[in-house]
Amino acid sequence: IIFSLQSRFVLIPCFTMEWFAQITMGWFAENLDGQVVLLLRNGKTLIGTLRSFDEFANVVLEDCVERVFCPEKKLYGDIPMGVRIVRGENVALLGELDPERDSVPSSMQRCSGEQLAELKRLSDKQVAEEDAVRHKTGQAGL
């Protein structure tokens, strides 16, 4: 698309949905059987092996874990979830995970057992509070 803006011509690339679908499907195909990280719309982080996908970005993750963070206490933990099917509309961000690099800052410490259960409870509480605020602002028209 080309248009004039105060006698200057501006070229704006016009991407079609077919082009976007090819690029997206190519990425999925390249990362099949690789480690990926998904950030969901509700704020949860899933890490697993990408086993399948479709044109709607629905994905199947194997050996999936939910990674829970507590930045205040500098703790994180992984909750095993097994095989998960994630609906594409719930994915906010999707990326490949470099197996040679640690995906967590070195300042954070892994926790397990009772600490992990408490961390999950705090995380779920925070997500619920954020959802309530989002719901209230939506009702107010903001």
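Leaving aside its neighbours within four places in sequence, which residues is Leu75 in contact with? In this predicted model, the residues in contact with Leu75 beyond that range are Val68, Phe69, Cys70, Met108, Gln109, Cys111, Gln115 and Leu119. Leu75 belongs to strand S6, which covers residues 75-86, and the C-alpha atoms of Leu75 and Ser107 lie 8.9 Å apart in space, although 32 residues separate the two in sequence. Because its relative accessible area of 10% falls under the 20% cut-off, Leu75 counts as buried.

Asn31, by contrast of setting, is placed in the loop between helix H1 (17-30) and strand S3 (35-40). When residues up to four places away in sequence are not counted, Asn31 touches Leu50 and Glu96.

| Residue | Relative accessible area | Class |
|---|---|---|
| Leu75 | 10% | buried |
| Asn31 | 8% | buried |

The remaining topic is the largest pocket, which holds about 220 Å³ of space. Its lining is made up of Gly43, Lys44, Thr45, Glu66, Arg67, Val68, Phe69, Pro71, Ser123, Gln126, Val127 and Glu130, and by class these residues divide into 4 nonpolar, 4 polar and 4 charged. Strand S5 (59-70) and helix H2 (114-139) each contribute at least two residues to this lining. Val68 and Phe69, which are among the lining residues of the largest pocket, are also among the residues in contact with Leu75.

Definitions and conventions
Residues numbered from 1 in each chain as written. Predicted model: local features only at pLDDT ≥ 70, side-chain atom pairs only at ≥ 80, totals over all residues. Heavy atoms only, no water. Helix = DSSP H or I, 4+ residues; strand = E, 2+ residues; numbered from the N terminus. Buried < 20%, exposed > 50% of the residue type's maximum accessible area, 1.4 Å probe, protein only. Contact = heavy atoms within 4.5 Å. 1 Å grid on protein atoms, 1.4 Å probe; cavity = no way out; pocket = protein on both sides within 12 Å on 5 of 7 lines; lining within 4 Å. Points joined across faces, edges and corners; volume = space filled by probe spheres on them. Nonpolar A, V, L, I, M, F, W, Y, C, P; charged D, E, K, R; others polar.
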